[in-house]
Each structure stands twice: as structure tokens, then as C-alpha cells.
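This briefing goes through one protein chain, from its overall fold to individual residues. The sequence and coordinates are shown first.

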Amino acid sequence: SELTIQTVQSFCNRTPAEALQEIIVVDDGSWPPLSIELSKRIEPRCRLRVLWHDDGPRGLMIAKQTGGDAATGEFIGFYDCHVAPRLEWHKETLRLLKEKSRRLVIP
């Protein structure tokens, strides 16, 4: 979807490379798969990984679990596809997480 592409581009463009391990999109069974359009429009520097539930929709919580299980970064954020971060959004979020690593930060 266009919103997914815009969200990935926003996070990629507004997060410095040293603060961004990867962006994971979990495609919950859409057809055609989101990976086709994302691979055409998202630059490699964005470090995008698309995971696809090929057995059909499983729902939001399972999609988040799939992404969380696959994530490799020190901290994980979950964002809906209509979210666009503000400039330098990562500074305050990372500061709060480093202060107390078990903290939940909602930007």
C-alpha cells in the first residue's frame, strides 16, 4: 500500500544510519505481496526486510510477533503504516530507552 511505502521512506529518511539497524515490514498475506512494490521503491540504504504470511492474514498481534521475533536490533519499535516520525525523533526515544532498557516509549 502507498501508506506503507510512505512510512518506510519517512523512517528511513528521518533516522540516521547509525541509529537504524533495519526496518521490518510484516505483510499479513496481501496480494500481490507488498515486497514487490517495496523492492522497486525503497532504497537499499533503508535496510528493509519484508516478511510475508503466505498462509493468509493472521491479524495484527501475530504480525507484530513475527516482526519482533525476526528483529536484530537492540531496541524494537512497532509502528502502524500511517505513522510518520518527526525530524530527530530517534534522539529522545533512544535516550529514554538507554536510561531504562525495559521502558516502553510511545512517540
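This is a predicted model: local features need pLDDT of at least 70, side-chain atom pairs count only at pLDDT 80 or more; totals for chains, interfaces and linings use all residues.

Residues are numbered from 1 along each chain as its sequence is written, and side-chain values use heavy atoms, with hydrogens and water left out. The protein chain has four helices and two strands, and the structure holds one disulfide.

**Fold and overall dimensions**

- From the N terminus, the elements of the protein chain follow the order α-β-α-β-α-α; helices (H or I, at least four residues) and strands (E, at least two) are DSSP runs, numbered from the N terminus.
- The radius of gyration of the protein chain is 14 Å, close to the 13 Å from the globule rule for 107 residues, so the chain is as compact as a globular protein of that length.
- That radius is taken over C-alpha atoms, and the globule rule is 2.2 Å times the number of residues to the power 0.38.
- The C-alpha trace of the protein chain spans about 40 × 25 × 20 Å along its principal axes.
- Of the contacts in the protein chain with a separation of 6 or more, 64% are between residues 24 or more positions apart; contact means heavy atoms within 4.5 Å.

**Surface and charge**

- Of the 107 residues in the protein chain, 27% are buried; buried means under 20% relative accessible area, exposed over 50%, and partly exposed in between (1.4 Å probe, protein chains only).
- The protein chain has an accessible surface of about 7400 Å², and carbon and sulfur atoms hold 54% of it.
- Accessible areas come from the Shrake-Rupley method with a 1.4 Å probe; for residues, only the protein chains shown count as cover.
- There are 15 positive and 15 negative side chains in the protein chain, and the centres of the two sets are 6 Å apart.
- Lys and Arg count as positive and Asp and Glu as negative, while His and the chain ends are not counted; a charge is placed at NZ of Lys, CZ of Arg, CG of Asp or CD of Glu.

**Cysteines**

- Cysteine 12 and cysteine 46 form a disulfide with an S to S distance of 2.1 Å; a disulfide is a pair of cysteine sulfur atoms within 2.5 Å.
- This pair links distant parts of the chain, 34 residues apart: cysteine 12 is in helix H1 (residues 2-13), and cysteine 46 is in the loop between helix H2 (34-41) and strand S2 (48-52).
- The disulfide is left-handed because the torsion about the S-S bond of cysteine 12 and cysteine 46 is about -90 degrees.
- Cysteine 12 is buried at 3% relative accessibility, and cysteine 46 is buried with a relative accessible area of 3%.
- Cysteine 81 is in no disulfide, and the nearest cysteine sulfur, that of cysteine 46, is 17 Å away.
- With 35% relative accessibility, cysteine 81 counts as partly exposed.

**Backbone features**

- Tryptophan 31 and proline 32 are joined by a cis peptide bond, with omega about 0 degrees.
- Proline 32 sits in the loop between strand S1 (23-27) and H2.
- Glutamate 88 is not a glycine, yet has a positive phi of about 60 degrees.
- Glutamate 88 lies in the loop between helix H3 (60-70) and helix H4 (89-99) and is partly exposed, with a relative accessible area of 48%.

- Arginine 47, in the loop between H2 and S2, has a positive phi of about 55 degrees although it is not a glycine.
- Arginine 47 is partly exposed at 36% relative accessibility.
- Not counting residues up to four places away in sequence, arginine 47 touches Ala17, Leu20, Gln21, Glu22 and Ile23.
- Glutamine 21 lies in the loop between H1 and S1 and is partly exposed at 49% relative accessibility.
- Leaving aside neighbours within four places in sequence, glutamine 21 is in contact with Arg47, Thr72 and Gly73.
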